[in-house]
Amino acid sequence: MSAVAMGVISLIFLWGFNDGVHNTMMRNLQEVIVGSIQIHAKGFFRKPSLQDTLEDVPSLLELLDRMHVQRVAPRLRAFALAAGRETSEGLVVLGVDPRLERTVTRLQEKLDRGRYLEEMDRASCILGQTTARNLGVDVGDEIVLLTEDRYHVLAAEKFRVIGIIASGEMGIDRGLAIIPIRFMQAWLDMGQQISGLVLQLPPERLEAVTAALRQHLDQRFEVLRWYDMYPMMKQWVELENGFYYIFLSIVLVIVAAGIANTVLMSMLDRIHEFGVMMALGCSRLRLAGMIVLESVLLGVAGMAAGCLAGLALVSWFGRHGIDLSAQMDTVSRFYVDPVVHTQIDTDHLLVTLGAVLLAAALAAIWPAVRVARLQPVEAMRHV
Amino acid sequence: MAIIHAHRLRKTYPSGSTHVVALDDVSFDVQQGDFVVIAGRSGSGKTTLLNMLGALDRPDSGTLKVAGQDLLSMGEAERANFRLWHIGFVFQAYNLIRVLTARENVAYVLQLQGKPSRERLKAADAWLAEVGLEGMGDRRPDQMSGGQQQRVAVARALAMSPSLVLADEPTANLDTHTGGELIRLMRRINEKNGTTFVIASHDPAVIDAAHTLIVMQDGRIEQSVCRD
Ligand SMILES: Nc1ncnc2c1ncn2[C@@H]1O[C@H](COP(=O)(O)OP(=O)(O)OP(=O)(O)O)[C@@H](O)[C@H]1O
Ligand SMILES: [Mg+2]
């Protein structure tokens, strides 16, 4: 039983660690810049273009409001050439609404120096630290962004660098300039037009909201979840979970062996009794069923103890975190926080517990078969 | 009416290159309500015969009917079922399930018979009282003396309402006095309820209590006496 409990504790704790890391990774990816869902004009994500703007924005916002999606921000996107003090570099210009963007992403937390965009800002921009270094600029310096406006007319504008982001993520630190969306719309003659909306949702609502949006919106729109856009991380998480399932099966084999051993020992200890029971008229099937039941109960008891202790551990480390900052610095770019807060997904917990029960039942088969094969007279000769 | 009809039962056990003849052409009848003691020296075949009667073992040849049923044509499951409804066993020792209390041990066979739980416990207490163990229902086997454990086994055998109670050396592990009490208990129940008993024993006290005495030697019935 203690073997079962230990097995369950370790499985639950490892799942807790794993799920904690994964969920943080996925949440960070969504919260830093990508969002949970993005809505664009059809085909925009694969082939972004300033001209492919989102239609019917007011009714779209109304729809989102009806669906109680509160964290929504507009974005406008263009490609530009940035000229700094020394060199020039191509980059993506992202127009954001300073106030609404704060409700959707936490880019401001990744600021290395300077400040984040504010409502009143006009020709101000935030750069990633790699781009800033390449351009040879820092907070307070000016850069020139050169691009085409809505009518393909060349447009150039001077921007003051007000903040530098150091996120650890290449796609953000390099090749990105963030400017106020209102200024960008005026500059590029876009009127009120935007490229898309970014939504932030709790994970449990993601699929339902996506499905509802796809159902409500017609062919002109595309509704993309974060992993539709950046599938790598989800695949990575699934791959790692795959490894955990292998690990789970190994632990289960050990657990099953532990249970089988216990059940077999207690069975050998009671052969005389089984003989008496058979003499009294207990059928072989009933006796075998009893052995399996005992084993499952053993599993349940160990499981309950292990589950309690395991969940307690997960919840304790979920609150206090496990500080791994000494062990890792390079991984931070993968959106892993140095302090891991353990948590366990319900489906992982249920799969683990179900598998332990199954292992307990399977472990009893051999002892049960042996009991069913006993001859009462011979069994009673055992003392 | 004969509750046991045995005809030319034969049983051999392999032993090295030859074989031991445990039962050699054994034929006899037992009447309903009889109190039969099978006596005989060690190795004379008493246990072997009792196991045949209780559908625990099969003869090599012969015919055997118990409670109107042909035991030799039954399959394993049928035999288990037959034991459940017709045979009450009392063995020499270690009759009881260690983890169960006296009451639960008696109730267990009723559970096998599918009796409802309330009825089981009530019947168990009644039978424990009948064998003189009133108030001992909560004791486990290791908290009872050998004589008390044997009484629980008798209570259990009777609780099944069997056609026949088979007891193999029930007094062998008891002192003379306790053994005598146990056999008097069985005899009293036999007279009161008309339950048929077949007891294998070489204990003089048991032999004294016999209504019918069957003496075995080398797998044969040497002598059969009925005291009327
Ligand atoms: N399973 C067995 N395998 C081999 N021989 C056996 C087996 N059971 C009994 N025998 C032999 O059959 C004969 C009769 O044995 P049985 O146990 O019936 O005698 P018994 O009268 O009950 O003796 P006891 O008074 O010692 O209990 C003996 O010679 C015994 O050695
Ligand atoms: Mg014997």
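Predicted model: local features only at pLDDT ≥ 70, side-chain atom pairs only at ≥ 80, totals over all residues.
A salt bridge is a side-chain nitrogen of Lys or Arg within 4 Å of a carboxyl oxygen of Asp or Glu.

1. Let's begin with a cluster in chain A. Glu55(A), Asp56(A), Asp218(A) and Arg220(A) are joined in a network of salt bridges.

2. You will find Asp56(A) in the loop between β1 (37-41) and α2 (57-66) of chain A. Is Asp56(A) buried, partly exposed or exposed? Its relative accessibility is 40%, so Asp56(A) counts as partly exposed. The backbone here deserves a look too: Asp56(A) is not a glycine, yet its phi is positive, at about 55 degrees. Most residues other than glycine have a negative phi.

3. Next, a pair that bridges two pieces of chain A. Arg99(A) and Glu119(A) form a salt bridge, and their closest N and O atoms are 3.4 Å apart. Arg99(A) sits in helix α3 (residues 98-104) of chain A, while Glu119(A) belongs to the loop between β4 (111-114) and β5 (124-128) of chain A, so this pair ties together parts that lie 20 residues apart in sequence. Glu119(A) is partly exposed, with a relative accessible area of 42%.

4. Now move to chain B and find Arg8(B). Its side chain meets that of Asp25(B) in a salt bridge, at 3.3 Å from N to O. Why does this pair tie together parts that are 17 residues apart in sequence? The reason is where the two residues lie: Arg8(B) is in strand β1 (residues 2-15) of chain B, and Asp25(B) is in strand β2 (residues 18-31) of chain B.

5. Glu130(B) pairs with Arg188(B), and the closest N and O atoms are 3.6 Å apart. This pair links distant parts of the chain, since Glu130(B) lies in helix α4 (residues 117-130) of chain B and Arg188(B) in helix α6 (residues 176-193) of chain B, 58 residues apart. Glu130(B) is partly exposed, at a relative accessible area of 23%, and Arg188(B) is partly exposed at 39%.

6. While you are at helix α4 of chain B, look for Lys122(B), which is found there. With a relative accessibility of 68%, Lys122(B) counts as exposed. Lys122(B) and Ala107(B) are 15 residues apart in sequence, and their C-alpha atoms are 8.7 Å apart in space.

7. How do two helices of chain B pack? Helix α3 (residues 102-112) and helix α5 (residues 146-159) of chain B pack at an angle of about 25 degrees, and their axes are 8 Å apart. Angles under 35 degrees count as roughly parallel, and α3(B) and α5(B) are therefore roughly parallel to each other. The crossing of α3(B) past α5(B) is right-handed. On the α3(B) side, the contact is made by Ala102(B), Asn105(B), Val106(B), Val109(B) and Leu110(B); on the α5(B) side, by Val152(B), Ala155(B), Arg156(B) and Ala159(B). These contact residues divide into seven nonpolar, one polar and one charged.

8. The axes of α1(A) and helix α11 (residues 284-320) of chain A come within 7 Å and cross at roughly 30 degrees. Here too the crossing is right-handed, with α1(A) passing α11(A). Residues of the contact include Val4(A), Ile12(A) and Phe13(A) from α1(A), and Gly299(A), Met303(A) and Phe317(A) from α11(A). By type, the contact residues divide into 14 nonpolar, five polar and no charged.

9. Finally, follow helix α1 (residues 2-34) of chain A to Asn28(A). Is Asn28(A) buried or exposed? At 6% relative accessibility, Asn28(A) counts as buried. Asn28(A) and Arg106(A) are 78 residues apart in sequence, and 8.8 Å apart in space from C-alpha to C-alpha.

How values were computed. Residues numbered from 1 in each chain as written. Chains lettered and ligands numbered in written order. Heavy atoms only, no water. Helix = DSSP H or I, 4+ residues; strand = E, 2+ residues; numbered from the N terminus. Buried < 20%, exposed > 50% of the residue type's maximum accessible area, 1.4 Å probe, protein only. Axes fitted to C-alpha atoms, helices over the stretch in contact; angles between N-to-C directions. Parallel < 35°, antiparallel > 145°, perpendicular 65-115°, else oblique. Left-handed = near helix turned anticlockwise from the far one by under 90°. Contact = heavy atoms within 4.5 Å. Nonpolar A, V, L, I, M, F, W, Y, C, P; charged D, E, K, R; others polar.
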